[in-house]
Number of protein chains: 2
Amino acid sequence: VNRKIVIALDGMGGDHAPREVVLGAAEAVRSLDVGIALTGREDLLQEELARVSPRPQGITIVPAADTVGMDEHAALAVRHKRDSSINAAMHLAKNGDAQAVVSAGNSGATMAAALLLLGRIEGVERPAIGGVLPTGADPVLLLDVGANADCKPSFLLQFARVGEVYMRLAHGVVQPRVALLSNGEEDAKGNQLVQEARVLLRSSGLNFIGNVEGRQILKGAADVVVTDGFTGNVALKVAEGMSEFIFEELKRTLINRFVARAAAGITLGPTLRALKHRLDYAERGGAPLLGVRGMVFIAHGRSDARAICNAVRVAKEAVELGVLAATEAALSARSLS
Amino acid sequence: VNRKIVIALDGMGGDHAPREVVLGAAEAVRSLDVGIALTGREDLLQEELARVSPRPQGITIVPAADTVGMDEHAALAVRHKRDSSINAAMHLAKNGDAQAVVSAGNSGATMAAALLLLGRIEGVERPAIGGVLPTGADPVLLLDVGANADCKPSFLLQFARVGEVYMRLAHGVVQPRVALLSNGEEDAKGNQLVQEARVLLRSSGLNFIGNVEGRQILKGAADVVVTDGFTGNVALKVAEGMSEFIFEELKRTLINRFVARAAAGITLGPTLRALKHRLDYAERGGAPLLGVRGMVFIAHGRSDARAICNAVRVAKEAVELGVLAATEAALSARSLS
């Protein structure tokens, strides 16, 4: 029997939940060969589903009474709100009723729920959130982008291992080049953490190419760039902020210049839009939470229906490509050796 | 007697030294009311000066036989190459023969030479390099952007104090808003360093507004953003890299589209150029090294003549505005209280 892949989708997670999540789910079942298990308040989810015409096929509502807010204390919320939509999604993945989880909700809560209910892969001390960034050539995976503000050197080695498998499987990169984010390429550069992690990475058997600077991330100098979750989060947000800044300035200047605006409408509009599209988080789907015993994707809090649907697509592809099993195999081979 | 301000310029520092440095010095004495003391190999500097026609007035060559390479170990080079061009520039500032130092050379060596020969301001444990970034409104000072890869919480408090004085004096910002760079705005966010530094900043008497994320730096959410030199360097380089990436992509796409290219030449070319100009490090002059007993500016290693001249202009303005004395006063008032 060729059963459909089912994605557990946190119906209450995100700034625009439940509406945009429901619309994203509807788009996903329409355009992708996938089933959706939508968790959350049944009344609210039914109400939103009723607005979609024709009523989408392949969405199952899994009731969960509680919701974790975007600013709630993640670990406490996950432990005390047992019947939350994010916990319900993790339970589905744990029981095999879903093959992956997608949430645009509180990312700390998603991680806490994944740790509590799915647990860690053997050989992984801490899971990491992987940020997929565009480059001139292939995308680059930056991790951790926010799960672990303070890291030990061994965490960074494990981030490299799970990230290497992800880029190999999910993005088809042969022998991914792994680099350490630093404040300079030279070996003498780096803070204490980088200095110690470099020793571990050198003898890891990975295709480790040394330090890269912030400038080089977007130049495609490496396929996997590892860093602590504090620095990675700052790097990701600065990249987003710079991109927003430039497009806002271009827009502002164009609006001030009528001739340019007219010309832009004909010629540059599509160029700018295409580039903005490439830089848009919503196009890249969710960020994988790597190192837990399940496929979990964290979508942007600001996700709209399109972003949710893209995250579901990326999650489904990761399931089809066997990312989880490959990660477990790569890490357990390491634990044994 | 209204004596001219003299800037000591490291004639051998930078990827394009000595030629571009000499051309920048020539441009500076021509366009700014300033004298230049150019340090380095007399033969090479004379040779470059001889190419400039008419021969510029107001440049004095101060011979120094040694040069510190861009990749040399900074502290060792400064101690062993006593007669280096960067040391010679610092000596001029120390003896009062120059009022500020500009170098596009090895930034570690510039810092080491400044520490060795000028020393620290009372109340400052470590000097910081301040990166001036553009925003939609006024520029923002990010520090440290590379001098100290590992920081104690007290360093961050001192970065805030010296940065606050710099933005107040050099950029005329009234009551600069000071923020701590973090992986989230909420108080619970941050690594150990941020958590501890926040306590110090709260009771500092500064206009401390809390955490800012990477995205907000470029939105003008704060005037002074403090962080450790590792994270600050990554943030600065990612911002540079993203800007380069977007402009390269736009250029590439435009060249591929003849119509767009023709239209861009007429209308959007100036728009893009104006924005690129604003984002260009070369326009913003050097990065101030704050916390040493002297005005020192670190220009970008890739500086051309225009970037050198801009760094000299910014240094001259900082001297005129009395940044050093104000910094010493602000910090010593703190030490006494």
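A salt bridge is taken here as a side-chain nitrogen of Lys or Arg within 4 Å of a carboxyl oxygen of Asp or Glu. By this rule Glu125(A) forms a salt bridge with Lys152(A), with the closest N and O atoms 3.6 Å apart. Glu125(A) lies in the loop between helix 5 (107-117) and strand 5 (128-133) of chain A, and Lys152(A) in the loop between strand 6 (140-143) and helix 6 (153-170) of chain A, so the pair ties together parts that are 27 residues apart in sequence. Helices (H or I, at least four residues) and strands (E, at least two) are DSSP runs, numbered from the N terminus.

The model is predicted: local features need pLDDT of at least 70, side-chain atom pairs count only at pLDDT 80 or more, and totals for chains, interfaces and linings use all residues. Residues are numbered from 1 along each chain as its sequence is written, chains are lettered from A and ligands numbered from 1 in the order in which they are written, and side-chain values use heavy atoms, with hydrogens and water left out.

Buried means under 20% relative accessible area, exposed over 50%, and partly exposed in between (1.4 Å probe, protein chains only). Glu125(A), with a relative accessible area of 29%, is partly exposed, and Lys152(A), at 45%, is partly exposed as well.

Over all chains the count comes to 38 salt bridges. One of them joins Arg202(A) to Asp187(A), the closest N and O atoms being 2.6 Å apart. This pair links distant parts of the chain, for Arg202(A) is in helix 7 of chain A and Asp187(A) in the loop between strand 7 (178-181) and helix 7 of chain A, 15 residues apart. Asp187(A) is partly exposed, its relative accessible area being 43%. In chain B, Glu72(B) forms a salt bridge with Lys81(B), and here the closest N and O atoms are 2.7 Å apart. Glu72(B) is partly exposed at 29% relative accessibility, and Lys81(B) is partly exposed at 24%.

Leaving aside its neighbours within four places in sequence, Ala114(A) is in contact (heavy atoms within 4.5 Å) with Met90(A), Gly119(A), Leu289(A), Val292(A) and Val296(A). The C-alpha atoms of Ala114(A) and Lys94(A), 20 residues apart along the chain, are separated by 9.4 Å.

In chain B, strand 2 (residues 34-40) is largely enclosed by the rest of the structure, because 7 of its 7 residues are buried. In a regular strand the side chains alternate between the two faces of the sheet. Accordingly, Val34(B), Ile36(B), Leu38(B) and Gly40(B) point one way from strand 2 of chain B, while Gly35(B), Ala37(B) and Thr39(B) point the other way, and all are buried. Strand 1 (residues 5-10) of chain B pairs with strand 2 of chain B in the parallel sense over 6 bridges; pairing requires that DSSP find at least two bridges between the strands. Leu38(B) in strand 2 of chain B is the bridge partner of Leu9(B). Helix 4 (residues 85-94) of chain B is mostly covered, with 8 of its 10 residues buried, among them Ile86(B), Met90(B) and Leu92(B). Just after helix 4 of chain B, Gly96(B) takes a positive phi of about 80°.

The two chains meet through 58 residues from chain A and 59 residues from chain B. Together they bury about 4900 Å², 69% of it on carbon and sulfur atoms; buried area is the accessible area (1.4 Å probe) that two parts lose on being put together, summed over both. Arg215(A), Phe230(A) and Met242(A) supply 14% of the area that chain A buries against chain B, more than any other three residues.

Across this interface there are 8 salt bridges, including that of Lys219(B) with Glu244(A), whose closest N and O atoms are 2.9 Å apart. Helix 7 (192-202), helix 8 (214-217), helix 9 (229-255) and helix 10 (258-279) of chain A each supply at least two residues of the side that touches chain B. The largest share, 22 residues, comes from helix 9 of chain A.

Arg215(A) has its place in helix 8 of chain A and counts as buried at 18% relative accessibility. Apart from its neighbours within four places in sequence, Arg215(A) is in contact with Lys237(B), Val238(B), Glu240(B), Gly241(B), Glu244(B) and Arg302(B).
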